[in-house]
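Hi,

Here is the structure I promised to pass on.

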Amino acid sequence: MIVQLFIDEQYLKDKTPIGGLVEWSTLESTVATSQDVYIQDILGTNFYNHLLGVYIAGTQNANETTLLSKIRVALAFRTAEQVAPFINFDITNKGIMTESGDYAQSTDLDGVRYIRTELKNRAEFYETRITAYLRENNTLFPQYITDNSTDMSPSTDANYNFGGLEFWF
């Protein structure tokens, strides 16, 4: 089954600190999971499916294009946050292993946690912008306000936590 994504390898690497040598095969499943879990939660299944359909077909209107630009950057940072441990560690048949190269040194678990926190803060910032945009412009997106899905309804939670300070929108 081919999973359609809002972002590709180049976009992800251009927008986030993910290095150019990280293989797409390491990233792609995390993009799909982040899109399914985080973006679908914000949009709700009905609007998510609609937006993905028009994005794939290239038939989105100007309002949808604006929203998609917000979604894509949020998805990039959420993916970077989610994939960070798996760039440093591999799950193998021998357990969880740390990779090491000839000229690089892997960071410790505290370093991974720090980077994940920073990436999570950025992802939440952009996700909050999506939610605020949808609240302010909900009449532009009938599929968002008419949730007829039996799966996920749109999340109305819009909080942003930056360095221990929380902002509610």
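Of the contacts in the chain with a separation of 6 or more, 67% are between residues 24 or more positions apart, where a contact means heavy atoms within 4.5 Å. Bear in mind that this is a predicted model: local features need pLDDT of at least 70 and side-chain atom pairs count only at pLDDT 80 or more, while totals for chains, interfaces and linings use all residues. Residues are numbered from 1 along each chain as its sequence is written, and side-chain values use heavy atoms, with hydrogens and water left out.

The chain has six helices and four strands, taken as DSSP runs numbered from the N terminus (helices H or I, at least four residues; strands E, at least two). Along the sequence they come in the order α-α-α-α-β-β-α-α-β-β. Of the 169 residues in the chain, 39% are buried (under 20% relative accessible area, with exposed over 50% and partly exposed in between, using a 1.4 Å probe and protein chains only).

Now the helix packing. Helix H2 (residues 24-43) and helix H4 (residues 62-88) have axes that come within 8 Å and cross at roughly 125°; axes are lines fitted to C-alpha atoms over the stretch in contact, and angles run from 0 to 180 degrees between N-to-C directions. That makes H2 oblique to H4, since under 35 degrees is roughly parallel, over 145 roughly antiparallel, 65 to 115 roughly perpendicular and the rest oblique. The H2 residues in the contact include Leu-27, Val-31, Tyr-38 and Ile-39, and among those from H4 are Leu-67, Ile-71, Arg-78 and Phe-86. By type, the contact residues split into 10 nonpolar, six polar and one charged (Ala, Val, Leu, Ile, Met, Phe, Trp, Tyr, Cys and Pro are nonpolar; Asp, Glu, Lys and Arg charged; the others, Gly among them, polar).

On to the rings. The count is seven aromatic pairs, with rings of Phe, Tyr and Trp (its six-membered ring) pairing if their centres lie within 6.5 Å; planes under 30 degrees apart are stacked, over 60 edge-to-face and the rest tilted. One of them is Phe-6 with Tyr-48, edge-to-face at 6.2 Å centre to centre and 85° between the planes. Phe-6 sits in the segment before helix H1 (9-15) and Tyr-48 in helix H3 (residues 45-57), 42 residues apart. Both Phe-6 and Tyr-48 are buried.

Phe-125 and Tyr-126 have ring centres 5.1 Å apart and planes at 80°, so this pair is edge-to-face. Phe-125 is partly exposed at 35% relative accessible area, and Tyr-126 is partly exposed at 22%. Finally, ring pairs link Phe-47, Tyr-133, Phe-141 and Tyr-144 into a cluster.

Cheers
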